[in-house]
Amino acid sequence: MIAELAIGTVTIIASMAIMIGFMLATLRLVRRAEDAYADRRPALWQFFVLLSGTVTLVLLAHTICVWLWAALFRLLGVFPTLEEAVYFSLVSFTTVGYGDVVVDPGWRILSGFVAVNGLLAFGIFTAVLIEVIRSLSRRYMPRG
């Protein structure tokens, strides 16, 4: 159990570092793009492009984190195939948890870590999306 806790903690820290890196990169790219468009009249297509880019980066960060967990499960020999490891990681990360693919009792604490990691990721990136939408909407959809 101590090994699972240690492995899960280290993996969540690595995943959070990835998410924070993507969050900072996303906010920086959006701010730079806003500055580049500052001297032009706002256009709806710019809002669409910037928001689409933000969503793409968020999805990429989630995908990398799911693959990180899948790689860990394969490295530990928890699943016989990469497909099973990715499927389990994705289902656990999104906290759906179908239960059709499960880990051996010796590793089940890790599945809880995956779910916690997913909850943190969705929370962080929900905040990022709200901030980006709020920032963009001030410029591209002014009141009055």
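**Close-up views of a predicted helical model**

**View 1. Helix 2 along its length.** Helix 2 is built from 32 residues, and its first and last C-alpha atoms lie 46 Å apart, close to the 46 Å expected at 1.5 Å a residue. The model shown here and in the other views is predicted. Helix 2 covers residues 44-75. Just after this helix, Gly77 adopts a positive phi of about 75°.

**View 2. Packing of helix 1 on helix 2.** Two packed helices are described by the angle between their axes and the distance between the axes. For helix 1 (residues 2-36) and helix 2 (residues 44-75), the angle is about 165° and the axes are 10 Å apart. Helix 1 is therefore roughly antiparallel to helix 2, because angles over 145 degrees are placed in that class. The crossing of helix 1 with helix 2 is right-handed. In the contact between helix 1 and helix 2, 18 residues are nonpolar and 5 are polar, with no charged residue.

**View 3. Packing of helix 2 on helix 3.** The axes of helix 2 and helix 3 (residues 82-93) come within 8 Å of each other and cross at roughly 130°. This angle makes helix 2 oblique to helix 3. Helix 2 passes helix 3 in a right-handed crossing. On the helix 2 side, the contact is formed by His62, Cys65, Val66, Trp67, Trp69, Ala70, Phe73 and Arg74. Their partners in helix 3 are Leu82, Ala85, Val86, Phe88, Ser89, Leu90 and Phe93. By class, the residues of this contact of helix 2 with helix 3 comprise 12 nonpolar, 2 polar and 1 charged.

**View 4. Backbone at Thr95.** Most residues other than glycine have a negative phi, and most peptide bonds are trans. Thr95 is not a glycine, yet has a positive phi of about 60°. Thr95 sits in the loop between helix 3 and helix 4 (108-140). Its relative accessibility is 43%, so Thr95 counts as partly exposed.

View 5. Met1 belongs to the segment before helix 1. With a relative accessible area of 66%, Met1 is exposed, because the class begins over 50%. Met1 and Glu83 are 82 residues apart along the chain, and their C-alpha atoms are separated by 26 Å.

Definitions and conventions: Residues numbered from 1 in each chain as written. Predicted model: local features only at pLDDT ≥ 70, side-chain atom pairs only at ≥ 80, totals over all residues. Heavy atoms only, no water. Axes fitted to C-alpha atoms, helices over the stretch in contact; angles between N-to-C directions. Helix = DSSP H or I, 4+ residues; strand = E, 2+ residues; numbered from the N terminus. Parallel < 35°, antiparallel > 145°, perpendicular 65-115°, else oblique. Left-handed = near helix turned anticlockwise from the far one by under 90°. Nonpolar A, V, L, I, M, F, W, Y, C, P; charged D, E, K, R; others polar. Contact = heavy atoms within 4.5 Å. Expected span 1.5 Å × (residues − 1). Buried < 20%, exposed > 50% of the residue type's maximum accessible area, 1.4 Å probe, protein only.
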